[in-house]
Amino acid sequence: MKIITGGQSGGDLSGNFFAKKNGIETEINAERNYKPLYGNIPTDIKINIVSEKEGNKGGWIERRKYNIKNSDFTLILLGKPIEFTRGSLGTYNDCIRLKKDVIYINILTCMGSYHNKDLQSSHITIINSINKVREIIKSKNIKVLNIAGERNLDESLGIEFL
C-alpha cells in the first residue's frame, strides 16, 4: 500500500508520518507554493507538484481532486464536526461527486460517516472506529490510500489513531 496526502498540517501529515514510521511508501501531492500551515516542509517525504496554481488561487482544490482521483480510498481525519470545516467537507463532497469511497472520522469522538462509490452512506458511531477503518481498508484491498483532514488537528493524535 501507498499513502498519499496533500501535505498540509494536521490530518494530512499525520498520514505521511504514520506511513514513514511504519515503513509504508508515502508521498505528498501538492500545489506550486506548498507549505504546511504549521512547521516546515518535510524533507524526508517525496513531494510531487501536481498543480501549478498557488494554494489560495485554486491549487488546493486541484491537488485535492488529484489525490482523490489517484487513490482507491480517502480517509479524512477530524477533531471537530465535518460541517465546521471547509477543506475536509470539500474533500468529502468531491469523493461523492467523483464516486470514490470515503470515510471521515472525528478522532476525538470516534464518530463519522462511510460513503461508498455506489452512493450508499452509513454512520459510524461505534466506539472502536479504528478497527472499523482498518476493516474497511483491508476488505477493499486498497493499493493507494489518500489521507486528508483538518489542518488544526494534532498530528500526534492522528498518528495514534491510525
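Helix H3 is followed by lysine 99, and the phi of this lysine is positive, near 55°. That is a handy way into this structure, which is a predicted model.

**Backbone angles**
- Lysine 99 has a positive value although it is a residue other than glycine, and it sits in the loop between H3 and S5.
- Asparagine 141 counts as exposed because its relative accessible area is 52%, and the cut-off for exposed is over 50%.

**Nonpolar cores**
- The largest nonpolar core is made of 19 residues, and those with the most contacts inside it are Phe73, Leu75, Leu77, Ile103, Val133, Leu145 and Ile147.
- Two or more residues of this core come from each of helix H1 (11–21), strand S4 (73–78), strand S5 (102–106), helix H4 (129–139) and strand S8 (144–149).

**Helices H3 and H4**
- The buried residues of H3 are Ser88, Gly90, Thr91, Tyr92, Asp94 and Cys95.
- In H4, the buried residues are Ser129, Val133, Ile136 and Ile137.
- Looking down the axis of H4, you will find these buried residues within an arc of 95°, so they line one face of the helix.
- The face of H4 turned away from that buried side carries Lys138 and Ser139, which are exposed.

**The largest pocket**
- This pocket holds about 620 Å³ of space.
- Its lining has 29 residues, and Arg64, Arg86, Gly87, Ser88 and Arg151 lie nearest the centre.
- At least two lining residues come from each of helix H2 (59–69), helix H3 (87–97) and S8.
- H2 gives the most to the lining, with 7 residues.
- By residue class, the lining divides into 6 nonpolar, 16 polar and 7 charged.

**The second largest pocket**
- Here the space comes to about 190 Å³.
- The lining has 13 residues, and Met1, Phe18, Arg134, Ile137 and Leu162 lie nearest the centre of this pocket.
- H4 gives the most to this lining, with 5 residues.
- The lining of the second largest pocket splits into 11 nonpolar, no polar and 2 charged residues.

**Leucine 157**
- Leucine 157 is found in helix H5, which covers residues 155–161.
- With a relative accessible area of 34%, leucine 157 is partly exposed.
- Not counting residues up to four places away in sequence, leucine 157 touches Ile107 and Leu108.
- For a sense of distance, leucine 157 and tyrosine 34 are 123 residues apart along the chain, and their C-alpha atoms are separated by 23 Å.

Definitions and conventions: Residues numbered from 1 in each chain as written. Predicted model: local features only at pLDDT ≥ 70, side-chain atom pairs only at ≥ 80, totals over all residues. Heavy atoms only, no water. Core = buried A, V, L, I, M, F, W, Y, C linked by side-chain atoms within 4.5 Å. Buried < 20%, exposed > 50% of the residue type's maximum accessible area, 1.4 Å probe, protein only. Helix = DSSP H or I, 4+ residues; strand = E, 2+ residues; numbered from the N terminus. 1 Å grid on protein atoms, 1.4 Å probe; cavity = no way out; pocket = protein on both sides within 12 Å on 5 of 7 lines; lining within 4 Å. Points joined across faces, edges and corners; volume = space filled by probe spheres on them. Nonpolar A, V, L, I, M, F, W, Y, C, P; charged D, E, K, R; others polar. Arc of directions from axis to C-beta. Contact = heavy atoms within 4.5 Å.
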